[in-house]
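Let's take a friendly walk through a protein model, one part at a time. Keep the 3D view open as you read.

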Amino acid sequence: MRLLYFAWLKEKTGVAAEDIAVPGHVSTVAELMTWLKTRGPEFAHAFERSEVIRAAIDQTHARPDAKIAGAREIAFFPPVTGG
Amino acid sequence: MIRVQTEDFDIGAETTALKEGRTDIGAVVSFTGTVRDTDGTVSEMTLEHYPGMTEKELERIEQEAHARWPLQASLIVHRVGTLKPGDNIVLVVTASAHRDAAFEAAKFVMDALKTSAPFWKRESGPEGSHWVEAKARDESAAARWHPGKTAAE
């Protein structure tokens with residue numbers, strides 16, 4: 001599964017994109033964030049305020065309870081600020 | 001039509017191109033968003049985005065505008081990269097037979113874009129740089145168009 005990080009999530013994790021094998025017990029966006037926090041201090045810090053972090057599955061906005069099975073690309077980012 | 005680009009845009013030229021050869025348009029509304037520095041704290045603004053999803057979201061927003069209002073034509077142009085105060089950021093043009101549809105559709109597109117198109121602004125100034133925080137009033141402006149739904153839906 002390809003994971004992408006944008007804006008301050010990219011800065012805090014130090015990662016823009018990675019291909020990673022997600023454990024089988026991780027089934028939703030929220031669970032994925034919880035699991036990512038366990039990957040080290042940078043990830044724990046980046047996902048500390050997980051309630052404000054938004055996600056997209058295959059380039060479509062996804063809620064925390066969205067299932068990740070079958071996803072090719074999951075992105076994490078802060079609330080958007082364009083326009 | 002939607003475009004994401006680093007270069008500037010010419011509002012007059014874009015509007016002229018949109019109307020070219022058409023006689024069924026009676027109202028053209030354009031909105032331009034520019035880099036603001038009201039108190040000398042912003043010397044640069046850098047816009048990051050999510051290539052691929054950005055274009056998909058802008059196209060989805062444009063399609064929704066066309067589904068909701070009788071629009072003859074529309075254009076969304078959003079810049080990315082590093083900009084300076086006064087520079088153009090975003091252009092929305094909506095064209096319709098009558099003004100109400102064009103005005104309302106332009107506001108809808110901007111409200112939707114502000115809360116769902118994956119762009120992030122980072123401001124730099126004499127005191128360092130920071131990511132711009134999303135505003136609650138943008139969420140409530142966007143939610144107004146979808147009564148009964150929450151902003152993230």
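## The sheet of chain A

In which order do the strands of the open sheet in chain A lie? The order is β2-β1-β5-β3-β4, which makes an open sheet of 5 strands with mixed pairing. Please keep in mind that this is a predicted model. At the edges sit β2 (17-19) and β4 (60-62) of chain A, and each of these pairs on one side only. On average, neighbouring strands of this sheet are turned by 25 degrees against each other, direction ignored.

Strands of a sheet pair through backbone hydrogen bonds, and the pairing can be parallel or antiparallel. In chain A, strand β1 (residues 2-5) and strand β5 (residues 73-77) pair in the parallel sense, over 4 bridges. To find this pair in the 3D view, look for L4(A), which stands opposite A75(A) in β5(A).

## A loop with two positive phi angles

Now follow chain A to the loop between β3 (54-57) and β4, where D58(A) is found. Phi of D58(A) is near 45 degrees, a positive value in a residue other than glycine. Q59(A) also has its place in the loop between β3 and β4 of chain A. Its phi is near 70 degrees, again a positive value in a residue other than glycine.

Are these two residues buried or exposed? D58(A) has 15 other C-beta atoms within 10 Å, so it is partly exposed. Q59(A) has 20 C-beta neighbours inside 10 Å and therefore counts as buried. The cut-off for buried is 20 or more other C-beta atoms within 10 Å.

## Two helices in chain B

Two packed helices are described by the angle between their axes and the distance between the axes. For α2(B) and α3(B), the angle is about 150 degrees and the axes are 10 Å apart. Because an angle over 145 degrees counts as roughly antiparallel, α2(B) is roughly antiparallel to α3(B). The crossing in which α2(B) passes α3(B) is right-handed.

Which residues of α2(B) meet α3(B)? They are E57(B), I61(B), E62(B), A65(B) and R68(B). Facing them in α3(B) are A105(B), F108(B), V109(B), A112(B), L113(B) and S116(B). Sorted by class, this contact of α2(B) with α3(B) has 7 nonpolar, 1 polar and 3 charged residues.

## A closer look at T32(B)

T32(B) is found in strand β2 (residues 27-34) of chain B. With 14 other C-beta atoms within 10 Å, T32(B) is partly exposed.

Which residues does T32(B) contact, leaving aside its neighbours within four places in sequence? They are I11(B), N88(B) and L91(B). Take N88(B) as an example: T32(B) and N88(B) are 56 residues apart along the chain, and their C-alpha atoms are separated by 6.9 Å.

## Where the two chains meet

How many residues does each chain bring to the contact? Chain B brings 23 residues and chain A brings 15 residues. On the side of chain B that touches chain A, at least two residues each come from β3 (44-49), α2 (53-68), α3 (99-116) and β7 (119-125) of chain B. The most is given by α3(B), with 5 residues.

What kinds of residues make up the side of chain B that touches chain A? They divide into 14 nonpolar, 5 polar and 4 charged. Both α2(B) and α3(B) supply residues to that side, and these two helices also pack against each other.

Terms used
Residues are numbered from 1 along each chain as its sequence is written. Chains are lettered from A and ligands numbered from 1 in the order in which they are written. This is a predicted model: local features need pLDDT of at least 70, side-chain atom pairs count only at pLDDT 80 or more; totals for chains, interfaces and linings use all residues. Two residues are in contact if their C-beta atoms, placed from the backbone, lie within 7 Å. Ala, Val, Leu, Ile, Met, Phe, Trp, Tyr, Cys and Pro count as nonpolar, Asp, Glu, Lys and Arg as charged, and the others, Gly among them, as polar. Two strands pair if DSSP finds at least two bridges between them. Axes are lines fitted to C-alpha atoms, for helices over the stretch in contact, and angles run from 0 to 180 degrees between N-to-C directions. Angles under 35 degrees count as roughly parallel, over 145 as roughly antiparallel, 65 to 115 as roughly perpendicular and the rest as oblique. A crossing is left-handed if the near helix is turned anticlockwise from the far one by less than a right angle, and right-handed if clockwise. A residue is buried if 20 or more other C-beta atoms lie within 10 Å of its own, exposed if 12 or fewer, and partly exposed in between; C-beta atoms are placed from the backbone.
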